[in-house]
Amino acid sequence: MVDLRSDTITRPTPEMREAMARAEVGDDVFGEDPTVNRLEAMAADLLGKEAGLFVASGTMGNLVALLTHCRRGDEAIVGDKSHTLRYEQGGMAALGGIMPHVVPNLDDGTMALEAIEAAIRPPNVHFPRTRLVALENTHNLCAGVPLTAAYTRRVGELAHARGLKMHIDGARLFNAAAALGLPARELAAPADSVTFCLSKGLCAPVGSVLVGSAAFIAEARRARKVVGGGMRQAGVIAAAGIVALEKMRARLVEDHRRARRLAAGWGALPAVTVEPVHTNMVYFAVDESVPLAAQAIVAALRERGVLLLAVGGRRFRAVTHYWIDDAAVEQAIAALGEVLSAA
Ligand SMILES: *Cc1c(COP(=O)(O)O)cnc(C)c1O
């Protein structure tokens, strides 16, 4: 199957499985797992921060970061299309008593600086205290667009000038770095905390890392424990994360190249409109001239060995990753052509 539904479906590589089998382990809640410690140090170094914390998922990383930055009744400024607002069950409110202050995301994944500024509450007994601004890079719902270093710096300056912290949900931060041709630490520099996923384009089976100052990570370690994220011999999975960081970052540009090829191939079909491709995500729409419902198109593609997601209306999403090679891309292009011309 050519599985373009998400880069989360990536299975570990043979080298990862090998590293997992050989991993030196200890009890990580005691801080004694050498492989977890190594992964955390490596992640912190890559992002230019003092310390790292291995967590089970991106959702847990964002939640732990918010629980650490904010107290109950505090407010966090988040984009209306952010993953944290849309797809994390409102964990900040449900578990942390943190109020999201929602600001519109523009098509380029940013929030207007004036809109962020206007959302910051002045001191007043009626108001919650604004504590945090959260960005998302790359921005998932905004077609995987990377936020620039300049924009990130400006938001960081604004936040810090107003006494706020800045968090980056960098689930795909290394895709942003690859697309912009910048070291990831440059995108992370203005932030007080950053999470990124090992389990997406980087191909590891499980896990994310949260990075920040040593003092922040010490507090975050407590928050991770209270949400049940204290794992024991977690080196078995962290070992795959180390391979992910060492071997998989440099090849993300290949996923981006294949996404552009998919977009060009599909975009040449008469009834298809492809949105601009920035990283490894291709969003496209099939117009009404094709007498097939979105789910029927998905089903017909499945019969031809191609999986992708319908994301509402007549819009679809495909994501390239390690297990999608050039032949898979050509198969996916041909399959959509067949499905649409047969309709
Ligand atoms: C996938 C994703 C997450 C959450 O990661 P999980 O590991 O699936 O919990 C958070 N933010 C963004 C932008 C994501 O794409």
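**Note on cavities and ring contacts in the predicted model**

1. Thr 130 has its place in strand β5. The model under review is a predicted one. At a relative accessibility of 10%, Thr 130 counts as buried, because the cut-off for that class is under 20%. A polar atom of the Thr 130 side chain lies 2.9 Å from the backbone nitrogen of Arg 121.

2. Arg 121 also has a contact with an aromatic ring. Arg 121 lies over the face of Phe 127, at 5.5 Å from the ring centre. Arg 121 may therefore be inspected from two sides: its backbone nitrogen lies 2.9 Å from a polar side-chain atom of Thr 130, and the residue lies over the face of Phe 127, with Thr 130 counted as buried at 10% relative accessibility.

3. The structure holds two cavities of 30 Å³ or more. The largest cavity has a volume of about 80 Å³. Its lining is made up of 14 residues, and those closest to the centre are Gly 79, Ser 82, Ala 134, Leu 135 and Glu 136.

4. Which elements give two or more residues to the lining of the largest cavity? They are β3 (75-79) and β5 (130-136). The largest share, three residues, comes from β5, the strand in which Thr 130 is placed. By class, the lining of the largest cavity divides into five nonpolar, seven polar and two charged residues.

5. The second largest cavity has a volume of about 40 Å³. Its lining consists of Ala 171, Arg 172, Leu 173, Phe 174, Asn 175, Cys 197, Lys 200, Gly 201, Leu 202 and Leu 252. Helix α8 (residues 173-180) gives the most to this lining, with three residues. Here the classes are six nonpolar, two polar and two charged residues.

6. The structure holds four aromatic pairs. One of them joins Trp 266 and Phe 284, and this pair is tilted, with 4.7 Å from centre to centre and 45° between the planes. The pair links distant parts of the chain, since Trp 266 belongs to helix α12 (residues 252-267) and Phe 284 to strand β10 (residues 281-286), 18 residues apart.

7. Phe 284 lies in strand β10 and Phe 316 in strand β13 (residues 315-319), so the pair ties together parts that are 32 residues apart in sequence. Phe 316 is buried, as is Phe 284.

8. The charged end of Arg 11 sits over the ring of Trp 323, 4.6 Å from the ring centre. For Arg 121 and Phe 127, the corresponding distance to the ring centre is 5.5 Å.

How values were computed:
Residues numbered from 1 in each chain as written. Predicted model: local features only at pLDDT ≥ 70, side-chain atom pairs only at ≥ 80, totals over all residues. Heavy atoms only, no water. 1 Å grid on protein atoms, 1.4 Å probe; cavity = no way out; pocket = protein on both sides within 12 Å on 5 of 7 lines; lining within 4 Å. Points joined across faces, edges and corners; volume = space filled by probe spheres on them. Helix = DSSP H or I, 4+ residues; strand = E, 2+ residues; numbered from the N terminus. Nonpolar A, V, L, I, M, F, W, Y, C, P; charged D, E, K, R; others polar. Phe/Tyr/Trp six-rings, centres within 6.5 Å; stacked < 30°, edge-to-face > 60°. Buried < 20%, exposed > 50% of the residue type's maximum accessible area, 1.4 Å probe, protein only. Lys NZ or Arg CZ within 6 Å of the ring centre and 35° of its normal. Polar contact = N/O pair within 3.5 Å; in protein donor to acceptor, adjacent residues only side chain to side chain.
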